[in-house]
Amino acid sequence: MKTALHGLLLASALFIPAALAQNADPNSYPEPYTEIKGYFKLPDGRHMGSTSTISSDSKGNVWIVERCGANNCDGSPLDPVMEFDHDGNFIKAFGAGELLFPHGFFIDRNDHLWIADNHNNGKIGDDVIEFDQNGKVLMTLGTPGMAGNDATHFHEPNAVAVAPNGDIYVADGHSADVQQPDGFTNKNQTPTTGNARVSKFDKTGKFLLSWGGHGSDVGQFQNPHCLALDTHGNVYVGDRSNNRIQKFDANGKFIVAWTQFGRPSGCYVDSKNNLYVSDSESHEHQGYGHNPGFKRGVRIGSAETGKVVAFLHDDPDQDAEKSGTSNGEGIYAGKDGVIYDAEVGQKAVVVFKPKT
């Protein structure tokens with residue numbers, strides 16, 4: 001089915017150079033979608049927790065990994081990994097006691113589920129786990145329950161992506177601010193601690209290389225919050241605290257940086273090399289001001305040129321200027337053009353269907 005968005009993307013790829021994208025009003029693009037809330041039907045007595053993760057498998061079933069009805073699974077008996085059919089009907093769940101703070105999610109070409117667990121409690125977490133669709137653990141990257149910055153440890157891994165050849169990429173380092181002994185951060189200090197890198201492993205889990213480091217120069221990160229891969233093998237990193245998407249080749253060579261997609265929390269590239277970026281934090285609330293001039297929502301454009309062609313207002317009824325809460329972070333687009341937006345603060349998943 002051809003939609004208005006497909007026409008816009010085609011036009012942008014053919015006629016509009018990427019440099020012009022940054023000159024447009026970042027909040028005034030077309031919005032050729034209809035928003036649907038409450039699409040996913042949870043089991044009786046269960047409610048959605050915070051989630052920044054969503055994807056679908058080869059059968060078209062949709063998988064959501066949420067934080068056990070809250071914003072943390074520590075001590076919870078609930079299964080955080082949930083499978084739904086294409087109509088939003090619940091199928092099954094697993095993962096109780098195996099995940100602490102699921103943050104990033106990817107389904108590979110074998111329908112295996114890769115989940116980045118962003119926190120640790122000394123026993124689990126700060127790792128990336130590969131599951132089969134029945135919840136069997138197939139591989140673990142990192143050292144469960146232990147933070148670090150070498151080839152066998154992560155500290156706050158944010159995202160994971162798997163290339164068709166099996167190469168694994170992990171975005172590592174969530175805190176853009178100094179980490180305090182009590183686990184909280186001080187936003188008035190200069191970032192000096194924690195990881196800020198992307199690591200690459202082969203299909204067996206062997207460490208190959210990493211790149212990054214704290215900063216705002218080319219190839220550096222302050223919060224590598226999301227990952228995406230295009231059909232050419234290029235790697236897209238949502239460098240959230242620097243308000244930009246950075247594009248690299250498969251071995252970390254810098255290609256380009258784009259600010260026109262907003263402050264990226266989630267990113268996804270589809271099989272047509274369309275880039276979807278969820279901006280959950282841009283607003284100007286005093287004390288929580290990020291990326292002035294940009295509104296929160298989902299920006300869609302070309303991964304080839306960087307041209308933005310559509311903007312979906314993310315939960316416009318939420319008064320972000322006063323609340324300071326986070327909207328959609330996880331982002332995924334199905335083959336049918338349906339967009340799934342996983343919200344942290346609202347503890348919900350919003351579905352956007354193309355207008356015909």
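Colleague: Are Cys-68 and Cys-73 buried or exposed?
Modeller: This is a predicted model, where local features need pLDDT of at least 70, side-chain atom pairs count only at pLDDT 80 or more, and totals for chains, interfaces and linings use all residues. Residues are numbered from 1 along each chain as its sequence is written, and side-chain values use heavy atoms, leaving out hydrogens and water. Buried means under 20% relative accessible area, exposed over 50%, and partly exposed in between, with a 1.4 Å probe and protein chains only. By that rule, Cys-68 and Cys-73 are both buried.

Colleague: What is the S to S distance between Cys-68 and Cys-73?
Modeller: A disulfide is a pair of cysteine sulfur atoms within 2.5 Å. Cys-68 and Cys-73 are joined by one. Their link is right-handed, with 100 degrees about the S-S bond. The S to S distance is 2.1 Å.

Colleague: How many disulfides does a search of the whole structure find?
Modeller: Besides the link of Cys-68 to Cys-73, Cys-226 and Cys-267 form a disulfide, with sulfur atoms 2.3 Å apart. In sequence order, the bonded cysteines pair 1-2, 3-4. The search finds two.

Colleague: How many residues apart in sequence are the parts that Cys-226 and Cys-267 tie together?
Modeller: Strands are DSSP runs (E, at least two residues), numbered from the N terminus. Cys-226 and Cys-267 form a disulfide. Cys-226 lies in strand β16 (residues 224–229) and Cys-267 in strand β20 (residues 264–269), so the pair ties together parts 41 residues apart.

Colleague: Which are the edge strands of the open sheet of four strands?
Modeller: Two strands pair if DSSP finds at least two bridges between them. The order is β20-β21-β22-β23, with antiparallel pairing. An edge strand pairs on one side only; the edge strands are β20 and β23 (308–313).

Colleague: Which residue in β23 stands opposite Val-298?
Modeller: Strand β22 (residues 297–302) runs antiparallel to β23. Five bridges join β22 to β23. Opposite Val-298 stands Leu-312.
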